[in-house]
Each structure stands twice: as structure tokens, then as C-alpha cells.
Number of protein chains: 2
Amino acid sequence: MATQMTETFRMDERSVGLVETKSATLFEPPNELELENGMRFGPISVAYETYGQLTPEKDNAIFICHALTGDAHAAGWHSPESEKPGWWDDFVGPGKGLDTRKYFVICANVLGGCHGTTGPSSINPKTNKPYCLSFPFITVSDIVKVHSELVRHLGIERLLSITGGSIGGMQVLEWDARFPDQIHSAMCMASAAKLSAQGIAFNAVGRRAILKDPNFNDGDFYDNEHGPRSGLALARMVAHITYLSEDSLEKKFGRRLQHSEKLGFDLLRETEFQIESYLHYQGKRFVERFDANSYLYLTKAMDYFDLTNTYGSLEQAFSCGAARYLVTSYTSDWLFPTVQSRELVSELIRSGRHVTFLEFNSPYGHDSFLMEEEINNLERLVHPFLDQLYFVIRGETN
Amino acid sequence: MATQMTETFRMDERSVGLVETKSATLFEPPNELELENGMRFGPISVAYETYGQLTPEKDNAIFICHALTGDAHAAGWHSPESEKPGWWDDFVGPGKGLDTRKYFVICANVLGGCHGTTGPSSINPKTNKPYCLSFPFITVSDIVKVHSELVRHLGIERLLSITGGSIGGMQVLEWDARFPDQIHSAMCMASAAKLSAQGIAFNAVGRRAILKDPNFNDGDFYDNEHGPRSGLALARMVAHITYLSEDSLEKKFGRRLQHSEKLGFDLLRETEFQIESYLHYQGKRFVERFDANSYLYLTKAMDYFDLTNTYGSLEQAFSCGAARYLVTSYTSDWLFPTVQSRELVSELIRSGRHVTFLEFNSPYGHDSFLMEEEINNLERLVHPFLDQLYFVIRGETN
């Protein structure tokens with residue numbers, strides 16, 4: 001069964017090896033971040049990791065925008081004792097999709113997250129207590145503003161590329177629209193210019209599960225050892241279903257039972273079918289690594305994302321930039337179906353952009369962009385895209 | 001918005017008019033029902049309604065198997081003050097799909113339900129208290145055994161047809177396999193020979209929401225005015241998403257806001273988007289009419305349904321019967337996709353059955369079989385199917 005997720009530490013020639021998360025403090029008063037809701041907010045600590053070497057010309061940097069529950073640890077191992085490598089280790093490393101022999105790769109935890117970047121579980125320096133729900137309402141735009149500032153802080157004027165899937169792809173689109181001069185290219189995977197009504201619906205169910213958990217306590221639960229664990233697990237369970245395709249669930253689990261060959265006729269046995277057991281396990285694991293308040297803030301940011309609404313039209317959103325685009329979608333992704341990527345691509349082409357688009361024939365659903373099985377295909381697309389662009393840019397600067 | 005569901009009482013020539021729910025007591029000791037789990041259970045009260053007139057030959061009866069949260073009240077009005085007619089009123093009545101000028105239509109609440117047929121909220125005559133979780137584990141087969149006995153109780157030897165959608169369609173399939181001599185035909189809509197892994201997954205999430213509700217109290221909540229309302233509402237919200245297609249959600253709600261023209265940047269506003277408001281409303285309404293324990297029992301019965309598992313193979317399940325089949329599916333139904341109906345149809349044909357199959361091009365998702373907009377199409381298929389069969393049968397018996 002797929003519940004055995006532990007990998008053994010290995011340090012082969014395609015691994016970035018041991019890495020550590022660094023931290024930068026940005027937007028210190030009086031230079032607070034101006035949030036989309038009109039408030040000012042700072043200071044903001046940003047957790048980030050980097051892989052590979054920045055060239056003296058600082059022209060080889062690629063920024064990874066992580067998805068909803070990701071973090072700054074995209075590749076490599078935190079220690080030889082780590083249970084698994086970074087979340088996109090299959091894609092980032094020497095000779096991999098984002099080839100760290102050539103490129104300098106950055107990944108940072110998002111604003112509002114819970115893995116080192118300031119979020120609702122962080123200590124508010126004014127009160128010395130966690131922000132909880134006094135943390136301000138944030139949007140994808142706010143997340144991108146922080147990342148953009150981090151890139152400036154690292155002394156990089158222009159990124160070779162930015163990339164991400166799902167809400168990471170939304171960040172890519174927003175970055176291109178808001179800071180077009182900061183990027184040469186954008187790689188947007190399994191994403192869309194706005195979240196669908198169905199996507200909002202699933203997020204709303206997840207949030208409600210958290211809000212109705214008796215241990216939620218209006219978001220002030222950090223000194224309670226439990227917190228809204230059961231609500232957060234439930235939110236993850238329903239979300240997890242949307243990340244996978246029906247076919248992949250059928251192939252992976254079908255109607256197979258977990259503990260027995262025979263049906264138990266027991267109403268309260270919650271993990272009788274393998275698919276139930278898998279979902280429960282996913283919920284349980286998630287609670288160990290994620291903060292329920294962050295989940296509320298970040299799903300809401302996802303719901304709010306709508307390039308058309310922010311910029312008046314997609315055309316206007318894309319009108320300032322000149323970055324080359326790589327857009328990918330996955331046949332079995334029903335959360336961000338290909339039709340949404342096609343809409344993006346049409347509008348990018350209408351705006352005169354250089355666009356490469358590919359719909360991958362993948363059985364794995366929305367999570368395809370993260371799946372080892374699909375990474376080789378992505379790599380074959382990304383390598384020439386980046387290499388060609390980098391060749392052009394180096395030519396221009398020489 | 002679609003939240004205004006009240007209809008005004010009207011008694012036109014296509015309505016069955018005022019109807020009332022009747023009750024029969026079956027399986028009285030010592031003739032208890034033998035359940036699939038091996039236990040014996042009885043007595044069982046069955047709530048049912050009938051529409052139209054049974055012929056003296058008793059050859060014109062059609063039985064409706066309702067879906068997960070339906071009830072015996074399929075058509076007509078309980079009183080002029082009723083807020084709405086029966087759940088399939090568009091399909092049952094004089095001149096309608098199931099034409100009550102010709103046919104005698106029966107609908108009964110399922111075993112384990114909460115609308116008149118014995119279920120977990122019923123009083124256990126041995127304790128004078130509600131069964132709660134002492135109610136036995138039930139399956140689709142048990143539900144069908146009760147309906148089958150009701151039909152005998154009504155003095156009907158053989159039904160002209162049985163019909164139902166979703167888990168109602170599962171009952172249709174099970175009925176044909178278990179009591180083949182009791183039916184002349186079977187009309188199975190938006191259903192399948194087994195629930196998919198994805199279907200089990202969504203049901204598991206719904207059940208978990210109920211089980212984790214602090215007011216669930218191990219199922220013993222009937223003297224608590226609240227009960228697990230919030231868990232049950234959440235279960236309904238997630239299920240409701242699966243009943244509709246992404247396209248229909250997009251067209252009906254899109255990203256439109258409910259209360260304002262402008263985004264509120266308020267984390268705790270749970271009904272900002274219309275789709276959120278709609279889902280919350282659906283959850284709230286559902287809690288007023290449905291029992292959380294029944295929801296646990298019936299979703300579990302749905303998960304357990306697997307003709308192949310019960311009968312060894314689909315071929316064996318279909319080998320005894322001779323009933324003609326009408327099978328329908330809907331293009332936008334992703335909970336019971338057409339591929340599952342095709343599988344059924346292939347196996348029925350291999351078993352030498354007379355089968356009519358149609359995939360309707362419908363945008364409304366799984367609930368299409370209930371939608372007024374689709375009922376006319378269904379009617380055009382069902383009329384000749386039933387009329388032809390009835391003609392043949394009357395010829396045979398004359």
C-alpha cells in the first residue's frame with residue numbers, strides 16, 4: 001500500500017544532498033508590506049532554501065512557488081536521519097528538471113504558512129503571543145510580494161524563471177502580472193487564472209470542518225495539545241480526494257479491504273476499505289505537519305485568486321509582461337482541468353506571448369506535477385525550455 | 001438563486017394530487033427478516049405510497065426504489081399547505097414518465113431510513129427506546145428483501161417494472177438478481193454494479209464528519225435537541241458537490257458573491273461566494289429532514305454494494321433473470337460515470353438480456369435523473385419501453 005512513504009537517505013549524484021532552511025527578515029517597520037486588504041504588515045520572516053550556485057552575473061536563478069501545503073524544503077535532505085527528501089526532490093537536483101549544475105534554485109515558504117515564514121502560528125512581536133486569527137487576511141498577491149522582495153534581498157535583479165503547480169501556478173501568474181520586469185520566464189503547471197466554483201466548494205467544506213471542530217477555539221489553540229486536529233484531518237481527507245483521479249484511486253485501491261478478506265458488517269469500522277484507510281492515514285499525517293489556521297488562510301487566498309478580477313481582464317494581466325511561458329496540464333486533473341490551462345494559453349497568445357503548452361496524458365490527477373512517474377516527462381519539456389532561454393539571455397548580456 | 005425551493009401547491013391534470021403515506025408491518029416474529037450479516041430482524045414497519053390504480057389482474061405495478069436520502073413520498077402533495085410535492089413528482093403522474101393513468105406506482109422508504117420505515121431512529125419494541133447504533137448493519141440486499149416482501153403483502157405477484165437512480169439503481173440490480181421472478185423489467189438510472197473507490201472515499205469523509213461531531217454521542221442523540229447537526233450538514237455539503245457537475249456549478253454560481261459586489265477580506269465569512277452560501281443552505285436544510293444515524297447506515301450499505309462480490313460475477317448475478325432492462329447514464333455524472341453503466345450493459349447483453357441503453361447528454365451531473373430539465377428526455381425513453389412491454393405482457397396473459 002501507498003501508506004509507506006518513508007524513503008531512505010541517499011546521496012547519489014542526482015541529489016542536492018544535505019540542505020538547510022535559511023531565514024530572512026523583510027518588511028521591517030516602517031517599511032511594512034502593503035497588503036491587498038489595505039493593511040500594512042511587518043516584519044515578515046521568510047524561510048527559504050537554495051540549491052546550486054548563483055552565477056557571478058546572477059542570471060541563473062529560478063524560483064519555485066510551492067503549492068497549498070508545501071514548504072521551502074523542495075529538494076535534498078535536512079539530515080541523514082530525515083525520513084524523506086524535499087517535496088520536489090524528483091525535479092530539483094543535478095541533471096534533474098531544474099538542473100542545479102546550471103541553475104540556482106530558490107524555494108520559500110509562503111506568507112501565512114507554517115514552516116518558517118510568518119503565519120498565524122508565528123509570534124506577534126507586539127504581544128509575544130501567536131497571531132492566531134489576528135493574522136491579517138492575505139492573498140496570492142501578498143504571497144508573491146513577499147517572494148519578490150526575497151529575490152531582491154538575495155541581490156537578484158531578474159529571475160531566469162519562476163515555476164509552480166496548483167496555487168503555486170497561481171503565484172506564477174500573479175508574479176508575471178505584478179512584477180513583469182523581475183522574470184524572464186514563467187512555468188505554470190496544473191493551474192488556472194481563477195479557482196472554479198467546484199474548487200471553492202471543496203475548500204469551503206474543508207474550512208467548515210476546521211471551524212466546527214470543538215478544539216478550534218476561535219483559532220486560539222496553540223497551547224492546547226490537541227487543537228482542531230480532527231477538523232484539519234477531515235479537511236485534508238476531502239482535499240486529498242480531489243488531488244487524485246478516479247482512475248488512479250480505482251487502480252490503487254479499488255474495493256480492496258484493508259484488514260481482512262471478508263466484509264465485517266461493522267458500522268463503526270472506519271478503515272475497512274483500503275481507500276478509507278489511506279485517507280485516514282493522509283489526514284493523520286497531515287495534522288502532524290500543518291497548522292489549521294494556515295489552512296484557513298491559504299485556502300481562502302486560493303479562493304480569492306482571480307486574475308481577471310484583479311487586473312480587469314486576462315489581457316490586461318498579461319499586457320505588461322514579456323516573459324516566455326510554459327504551461328502544462330494533465331488529462332486526469334479534474335480540480336484544475338485542461339480547459340482552464342487552454343483559456344490561459346489562448347489569452348497569453350493573444351497578448352503576444354511566447355507560449356509552450358502541453359497537456360500530459362497522465363492517470364494521476366491534479367497531483368501529477370508532483371509524481372515521480374510524471375517527472376521525467378516534465379523534465380523533457382523543461383530542459384530545452386530553460387536551456388534555450390538561458391542561451392538567449394546569456395547572448396544578450398554578453 | 002436556487003436556494004428558494006418552495007413551490008406552490010397546484011393540482012393540475014398532471015398531478016397525482018393529494019396523497020398520504022401508508023404503513024405496513026412486515027417480518028413480525030417469528031418470521032423475522034434474515035439479514036445479510038446473518039442476524040434476524042423484525043418487526044419492520046414500512047412506509048409507502050401508491051399512485052394510480054392497480055388493475056384487477058394486478059399486472060400494472062411499478063416499484064420506485066428511492067436514492068440515498070429520498071423517502072416514500074415520490075409524487076403528489078401531502079396537503080395543500082405542503083411546501084413542495086414528492087421528490088420525483090416531475091416523473092410520476094397522469095401522462096408523466098410513470099403514467100399513473102395506466103400504471104400503479106409504489107414507492108417505499110428504505111430499511112434503515114428515517115421517514116417511516118424502521119431505522120435507527122425508530123423505537124425498539126424490546127426496549128421502548130430508539131435503536132440508535134443497536135440497529136443492525138444493513139445492506140442493499142436487505143433493503144430489497146423488505147421491498148420485495150411489501151410487494152407480496154400488497155398482493156402483487158409480479159411487478160411490471162422496478163426503477164431507481166443511484167443507490168436506487170443498485171436496488172434495481174439487486175432485485176433483479178435476487179428475485180428475478182418478481183419483475184418483468186428493470187430501469188436502472190445513473191448507477192453501477194458497485195460503488196467506486198472514489199465514491200467510498202466521499203462517503204467515508206461524510207461519515208467521519210458525523211462520527212467526530214461532539215454531539216454524536218455514540219449515536220444516542222435523539223433526546224438532545226441538537227444531535228450531530230454540524231457533522232451531518234458537512235456530510236451533506238461534500239456529497240452535494242458530487243451530485244452536481246463542475247460545469248453546472250460554474251454556470252449556476254461561478255465566482256459570484258452572495259451578499260456584496262466586493263470581496264470582504266474576512267477569513268470567517270463562510271458564505272461569501274454564492275457556491276458557499278448554496279452549500280451551507282443545502283447542509284442546513286438537510287439536517288432538518290434527515291437522521292445522522294440513517295446517513296451512516298445507508299452510506300455504508302452503498303459502499304458495501306458489489307454485485308460481483310455477492311453473486312460471484314456479474315454474469316451469475318444476471319443469469320437467472322429475464323427482465324428487460326433500461327439503463328441510462330448522464331454525460332456529466334462523475335460520481336457514477338457512463339463507463340460503469342456500459343459495463344453493466346455489456347454484461348447484461350452477454351447474459352442474453354433485452355437491454356435499452358442511453359447516455360443522456362446532460363450538464364447537470366449525477367442528479368440529472370431528478371432534474372425537471374432532464375425528465376422530458378427520460379419520459380420519451382420510458383414511455384415506449386413500458387408501453388411495449390405492457391402490451392406484450394397483456395397479450396401473454398390474455
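Reader: Where is Asn128(B) found?
Author: Asn128(B) is in the loop between strand S9 (123-124) and strand S10 (129-130) of chain B. Helices (H or I, at least four residues) and strands (E, at least two) are DSSP runs, numbered from the N terminus. One caution: this is a predicted model, where local features need pLDDT of at least 70, side-chain atom pairs count only at pLDDT 80 or more, and totals for chains, interfaces and linings use all residues. Residues are numbered from 1 along each chain as its sequence is written, while chains are lettered from A and ligands numbered from 1 in the order in which they are written.

Reader: What is phi of Asn128(B) near?
Author: Phi is near 60°, a positive value in a residue other than glycine.

Reader: Buried or exposed, Asn128(B)?
Author: Asn128(B) counts as exposed, because it has 7 C-beta neighbours inside 10 Å. The cut-offs: buried if 20 or more other C-beta atoms lie within 10 Å of the residue's own, exposed if 12 or fewer, and partly exposed in between, with C-beta atoms placed from the backbone.

Reader: And Asn217(B), what is its phi?
Author: Asn217(B) has a positive phi of about 55°, although it is not a glycine. Asn217(B) lies in the loop between helix H3 (197-211) and H4 of chain B. With 14 C-beta neighbours inside 10 Å, Asn217(B) counts as partly exposed.

Reader: Which peptide bond is cis in chain B?
Author: The one from Gly42(B) to Pro43(B), with omega near 0°. Pro43(B) sits in the loop between strand S3 (40-41) and S4 of chain B. In chain A, a cis peptide bond joins Gly42(A) and Pro43(A), with omega about 0°.

Reader: Sheet next. What is the strand order in the eight-stranded one of chain B?
Author: S1-S4-S8-S5-S11-S12-S13-S14, an open sheet with mixed pairing. Two strands pair if DSSP finds at least two bridges between them.

Reader: Which strands stand at the edges?
Author: Strand S1 (22-26) and strand S14 (355-360) of chain B. Each has a single partner strand, so one side of each is left without a neighbour in the sheet. The twist averages 20° from one strand to the next. Axes here are lines fitted to C-alpha atoms, for helices over the stretch in contact, and angles run from 0 to 180 degrees between N-to-C directions.

Reader: How many bridges join S1(B) to S4 of chain B?
Author: Five, and the two strands run antiparallel. S4 covers residues 44-51. Leu26(B) stands opposite Ile44(B) in S4(B).

Reader: What does H1 of chain B lie across?
Author: Helix H1 (residues 140-153) lies across S1, S4, strand S5 (61-65) and strand S8 (104-108) of chain B. H1 runs at about 105° to S1(B). Two residues are in contact if their C-beta atoms, placed from the backbone, lie within 7 Å.

Reader: Chain A now. How many residues of S12(A) are buried?
Author: Five of its five, for strand S12 (residues 185-189). Ser185(A), Met187(A) and Met189(A) are on one side, with Ala186(A) and Cys188(A) on the other. S12(A) pairs with strand S11 (residues 161-165) of chain A in the parallel sense, over four bridges. Gly165(A) stands opposite Met189(A) in S12(A).

Reader: What rotation superposes chain A on chain B?
Author: A rotation of 180° with 0.0 Å of shift along its axis, RMSD 0.0 Å. That is the relation of a two-fold axis. Copies are superposed by least squares on the C-alpha atoms of residues with pLDDT of at least 70 in both. The same surface serves both copies: 100% of the contact residues of chain A recur in chain B.

Reader: How many residues does the contact take from each chain?
Author: It takes 42 residues from chain A and 42 residues from chain B. H3(A) gives the most to the side of chain A that touches chain B, with nine residues.

Reader: What do the buried residues of H6(B) pack against?
Author: H3 of chain A, together with helix H4 (229-243) and helix H5 (246-252) of chain B. Among those buried residues are Tyr278(B), Leu279(B) and Val287(B).
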